[in-house]
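The following exercises concern a single protein chain model. Study the sequence and the structure, then work through each solution in order.

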Amino acid sequence: MNEKKINLLDLDRKGMRALFAELGEKPFRADQVMQWVYHYGIDDFEQMTNINKNLRTKLSEKCEISAPQISTYQKSSDGTIKFAINVGEGQEVETVYIPEDDRATLCVSSQVGCALECTFCSTAQQGFNRNLTVAEIVGQIWRVSRFLGLKYETGDRPISNVVMMGMGEPLLNMANLVPALDIMLDDFGFGLSKRRVTVSTSGVVPALDKLGDVLDVALAVSIHAPNDELRNELVPINKKYPLKEFLAGISRYIGKSNANRGRVTVEYVMLDHINDSTEQAHELAELMKDTPCKVNLIPFNPYPGSPYGRSSNSRIDRFAKVLMEYGLTVIVRKTRGDDIDAACGQLAGDIRDRTKRLAKKRMQQNQISVTMS
Ligand code: SF4
């Protein structure tokens, strides 16, 4: 029986060096291979010209470099590209490329579906399926970089920023998230600055503490409500880790971090007549008064069947004005890619339908096998 090959995209530098030690090779060989993989987008050992023939053969026998494939993609008129990435067994996640004048950001998924059931979120409708592996997380960046024209000759890298804001709650997949972030930050990996890698969380406080102990990346927090009562409804994990605990966890994290320059990014989705009144703006400003932050107001992007509407521009402006009166930095996020459902909270629309079809097919198959047994 063929032994399963080790996927090198699953290994951070520590893991790569351990593997190369097992192969009887020096650590710098692991670093060289990482450079080929992440700097030049190479997945064929034969093209690694500074690696000797013996090692190339050994690597081809035992290892592979295997990123998930792009199933489909859609390009928006504003340049945003939404990719459906095939992670096997008919399952897909979405990855969104957002080019801007001074940066190019990739919004990366961490799970297939999500268990957290935020009521405004399209991904939540799908339920939780499984965690992505390290290779499936970093593979999104690797695959899209190649698609966008990562240059073997020059090593030009088309993605400057990564935000872990795609499908899933990253902090519920720590075992794979941490090595994946390590590869993003590593000079022999994607070599991204820690200020350009952002993890977004809805408030898994113990995991946030753990993350702060092992890594330093930028932090964005999904607040979305100015008090526990409303947040319990919109972001149900709040019942487990209420705002007071979450804010204390955020302070501990930014206290340990350099990447955040002492402040956190607060994400607040603007839901028409739900969380967007001026009273709620005052309440939010009061809530955040001891937590240095900048606030991103995100106009909600309704998806088919969504229970909420988008706040009007005038309500958003009034809300922003109140926050600014308290001295807060406020950014109203531009809606990108909404002609292709790639905007925040809209991921998973058609993927959900495909997943449902797959589940239905499986159920039918199960019914058949039950009848036959
Ligand atoms: S908003 Fe984020 S954490 Fe909440 S259900 Fe959606 S993907 Fe999960």
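**Exercise 1.** Determine which backbone oxygen the side chain of Gln140 reaches, and whether Gln140 is buried or exposed.

*Solution.* Step 1: the side chain of Gln140 reaches the backbone oxygen of Ser109 at 2.9 Å. The model is predicted: local features need pLDDT of at least 70, side-chain atom pairs count only at pLDDT 80 or more, and totals for chains, interfaces and linings use all residues. Residues are numbered from 1 along each chain as its sequence is written, and side-chain values use heavy atoms, with hydrogens and water left out.

Step 2: Gln140 has 0% relative accessibility and therefore counts as buried (under 20% relative accessible area, with exposed over 50% and partly exposed in between; 1.4 Å probe, protein chains only).

Step 3: beyond residues up to four places away in sequence, Gln140 touches Val93, Glu94, Thr95, Leu106, Val108, Ser109 and Leu132 (contact means heavy atoms within 4.5 Å).

**Exercise 2.** State where UniProt places the feature "binding site", and whether Cys118 and Cys121 are buried or exposed.

*Solution.* Step 1: the unreviewed UniProt entry places this feature at Cys114, Cys118 and Cys121; such annotations may be inferred rather than shown by experiment.

Step 2: Cys118 is found in the loop between β7 (111-113) and β8 (128-131), and Cys121 is also found in the loop between β7 and β8 (strands are DSSP runs of E, at least two residues, numbered from the N terminus).

Step 3: Cys118, at 10% relative accessibility, counts as buried. Cys121, at 18%, counts as buried.

Terms used. A polar contact is a pair of N or O atoms within 3.5 Å; within protein, one must be able to donate a hydrogen and the other to accept it, and residues adjacent in sequence count only if both atoms are side-chain atoms. Helices (H or I, at least four residues) and strands (E, at least two) are DSSP runs, numbered from the N terminus.
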